[in-house]
Amino acid sequence: MMLTLAAFVLALGLLIAVHEYGHYRMAVACGVKVLRFSIGFGKPLVRWQPKGSATEFVIAAFPLGGFVKMLDEREAPVADAERHLAFNTQPLRSRVAIVAAGPVANLLLAVVLYAAVNWSGMQLPAPILARPDAGSIAEHAGLIGGERIQRAGFDGGQLQDVESFEDLRWFLTRGALEGQDVRLVVTGPARGTGGDLLLKLSDMDASEANADLFRKIGVVGPFTRPVIGEIVVGAAADKAGLRDGDVVRQVGSVPVVDGQQLRQLIRSSVLNGQAVSAVWKITRAGTELEVTVTPETRQDGALLVGRIGAYVGAMPELVTVKYGVADGLWRGMVRTWDVSVLTLRMMGKMVIGEASLKNLSGPLTIADYAGKSAGMGLTQYLLFLALISVSLGVLNLLPLPVLDGGHLMYYLWEGIMGKPVPDAWMERLQRGGVAVLLVMMSIALFNDITRLFG
């Protein structure tokens, strides 16, 4: 709980500070007087003003946001001697630059974070496939499990090297959500030196990015050897005579390819509320053996599933993924662009009803992911920060009147028409923008509660 809270507060503070600093730095560069730089809203907890600076820096009590208050004739009278320092007196190009600088700062932060991870190197699962789920797209494409993915790309496009299982998941996620088929070049036990196949992801109804998406595709996790380990004394595995290090070759009449498939066979071993016994063929220290295993039944939500009381599956093969300075930075830029485009497309699909509103996440889900990613190590936490930074940057560029994108929309009107948006229209648009934002926040909070407590 403390880790989750600390990771969430750190993430929010960093992302908000970077966003507001973008506005602040550009305002100063354009010659605008900044009165206050605040992280958070409400009662100030900490405040300071550097010597010789006109800006008061504040950390406030309510951390979900921040603001940069500039000298502006629309908010308070401005002395004639300082009128040239007011925001509203600046040329259109300066006002556009100041408003756009916040979201751009978040996108640049994402580039830096992705690049930092690329430079430092990551230990990631190798792109070797587990046995695909029955009836899945991967199974229909001819995958059987154990194949190593060499290259991948969208059908008709350029293929790229796949260095880790995470690279593959990213291709599949984009393909499913954007309705594009993914072409794979693979090597494996049944394919000799290599093979080319197509995953027909364009046939999917991918309205929500969740675990079911990858089950439909048939690529849930990386390949792991079907090894038994950490047996609980007195549990089903112990009673059957299984031992730590046993490799499972067959369950009943079903050949076992990998640990994921074995876990699924164990889970599905309950029939009419009773666990069904099966003869397992195993290899122990080079010797072939047969044991009869009767799983125990356990409640998992609304389902009864089988359990054997042992760790099932070895650790996946790991590869070190590390890039040089230029390549790592370029890949950080490409990933930031790809995530931004995918985020915009998903938002567009939600607006027209082609994607589920369940994709919206609020502060509770973000806090939960912050804690989980921090618990997995610095690399995963940096990747989480990069993803949220992209989301914050893209969200603020949406043409909603209360967001930065809304102000840019006003300036676009001013640039085309040669005059600002009338005050009456500005007021109506602001009220409408607040209403839309409140609806979005309510849906996101409802989704949070459903995910975490439903």
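Helices here are DSSP runs of H or I with at least four residues, strands are E runs of at least two, and both are numbered from the N terminus. The model is a predicted one, where local features need pLDDT of at least 70, side-chain atom pairs count only at pLDDT 80 or more, and totals for chains, interfaces and linings use all residues. Residue numbers start from 1 along each chain as its sequence is written, and side-chain values use heavy atoms, with hydrogens and water left out.

View A. Helix α1 covers residues 2–29. After α1 comes G31, with a positive phi near 85°.

**View B. Helix α8 against helix α10.** Here α8 (residues 325–352) packs on α10 (residues 378–396) at about 55°, axes 10 Å apart. The axes are lines fitted to C-alpha atoms over the stretch in contact, and angles run from 0 to 180 degrees between N-to-C directions. The contact (heavy atoms within 4.5 Å) takes in T336, V339, S340, T343, L344 and M347 from α8, and L387, V390, V394 and L395 from α10.

View C. Rings of Phe, Tyr and Trp (its six-membered ring) pair if their centres lie within 6.5 Å; planes under 30 degrees apart are stacked, over 60 edge-to-face, and the rest tilted. That rule gives eight aromatic pairs. F37 and F57 make a tilted one, 5.5 Å centre to centre with 40° between the planes. F37 lies in strand β1 (residues 34–48) and F57 in strand β2 (residues 56–70), 20 residues apart.

How values were computed: Expected span 1.5 Å × (residues − 1).
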